[in-house]
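This briefing sets out selected local features of a single structure. The points are grouped by topic and are intended to be read alongside the sequence and the coordinates.

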Amino acid sequence: MTGIGVDRMGDLADAAGGADVLRLENLDTDVPLHPAALEATRRALGDDASNSYLPFVGQTRLRRAVAAHVARLSGAPCDGERNVLISAGGLSGILNVLLALVDTGDEVILTDPTYVGLINRVRLAGGVPRFVPFVQDRSGWALDRDALRRAVTPKTRAFLLMSPSMPSGGVLSREDWEEVARIVRERELWLIHDTAMQRILFDGREVVDPAGLPGMAERTITVGSASKELRLIGWRVGWIVAPAPLVPDLALVSMGNVVVPVGIAQTAAAVALEAGDDDVARATAIWQARRDLIVRELAGLPVIRPGGGWSLLIDGAGLGLTGAEMSRRLFDQARVAATPMDGWGEVNGARLLRLVFANEPVERLRGIGDKARRAWAR
């Protein structure tokens, strides 16, 4: 397992202090959460049922809200009591799934680049990460489908895929998902679908949920999170939606790992999910405006345009710099905190720098292009 780098950059920015430091290093956001979710949290503080270990699998209202949400996006039937478990955040849910499915030496296919925390969780479960690269094209990132097919071996157990992917903002197309589905069905594999940013799509892109493709409902485990779309980061609520035969094993792993998610947070997550797509669409419009500004500001620099999510990547190869060098110069000379992507992939890793645009308003992002050009001048 390797460090993620975000903590180091966050510590440097905290130590530097000052309102002039641009915080682009971590996946936080300043976009407010739904007010009804905040009020539900306040009410839960005095609710005795929220101050309990039970139920171990999550509160009934939230499980039903998750089931309705996932069924609506995928078109596949989902039952809150039979198919849904609540986890202490999405990443905890992913680890629980990996611990339940993966034996030592099993291979798990991920995109490259991908969040190193996902890579580490595959390793923690005893699995072996195998990477399929995103490649750069005129529109941003595209999945290398030929590499996808080549990545599958007799040891492959599962795909672990996210769209929009983090940190790249690469979006899997319908054709990408159809190819994944074909391989999963033919090889009798599992698809672990990380939906943390599923609805955070830019430029009119459509949500494509692979669980709704033919034959995929029984081969897909959907892991969601309240942290990104719903902005409930500190609430630490996630969910697992799985075929009913898997749920008892997943529940056992969950109880052996975290035991129970945060009780006072679960009603708030349910309320936010029940609010539907409008709240997420309003937040996405704010994040897209920030992406658009940064892309304009950095025109002429090697920025890879994201199709969704909270961050974008800059390829230092064209500048003769590594991601770590770009990060150091940007922080030392321009007081902009951004995380290099060392360890976040095999092909797309050390040469990349990530800028998170979810946590700084447009007014503070203006001028970042001039700062970057001065910092990265040869």
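**Briefing on selected features**

Met1 belongs to the segment that precedes helix α1 (6–16). The model is predicted.

**Surroundings of Met1**

- Met1 is classed as exposed, because its relative accessibility is 64%, and the cut-off for that class is over 50%.
- When neighbours within four places in sequence are set aside, Met1 is in contact with Asn120 and Leu124.
- Between Met1 and Asp144 the C-alpha to C-alpha distance is 26 Å, with 143 residues separating them in sequence.

**Strand β3 and its parallel partners**

- With strand β4 (residues 128–137), β3 forms a parallel pairing over 6 bridges.
- In this pairing, Val108 has Pro129 of β4 as its bridge partner.
- With strand β6 (residues 156–162), β3 also pairs in the parallel sense, here over 3 bridges.
- Val108 has Ala158 as its bridge partner in β6.

**The open four-stranded sheet**

- An open sheet of 4 strands runs in the order β10-β11-β14-β13, and its pairing is antiparallel.
- The edge positions are held by β10 (303–304) and β13 (339–340); each has a single partner strand, so one side of each is left without a neighbour in the sheet.
- Strands β11 (residues 311–315) and β14 (residues 352–356) are paired in the antiparallel sense over 5 bridges.
- The bridge partner of Ile314 in β14 is Leu353.
- As a general point, strands of a sheet pair through backbone hydrogen bonds, in either a parallel or an antiparallel sense.

- Arg185 is located in helix α8, which comprises residues 174–187.
- Arg185 counts as partly exposed because its relative accessible area is 37%, a value that falls between the limits of 20% for buried and 50% for exposed.
- Apart from residues up to four places away in sequence, Arg185 touches Pro214, Gly215 and Met216.
- Within this group of contacts, a polar atom of the Arg185 side chain lies 2.7 Å from the backbone oxygen of Pro214.
- Arg185 and Ser168 are 17 residues apart along the chain, and their C-alpha atoms are separated by 27 Å.

Methods. Residues numbered from 1 in each chain as written. Predicted model: local features only at pLDDT ≥ 70, side-chain atom pairs only at ≥ 80, totals over all residues. Heavy atoms only, no water. Helix = DSSP H or I, 4+ residues; strand = E, 2+ residues; numbered from the N terminus. Buried < 20%, exposed > 50% of the residue type's maximum accessible area, 1.4 Å probe, protein only. Contact = heavy atoms within 4.5 Å. Polar contact = N/O pair within 3.5 Å; in protein donor to acceptor, adjacent residues only side chain to side chain. Pairing = 2+ DSSP bridges.
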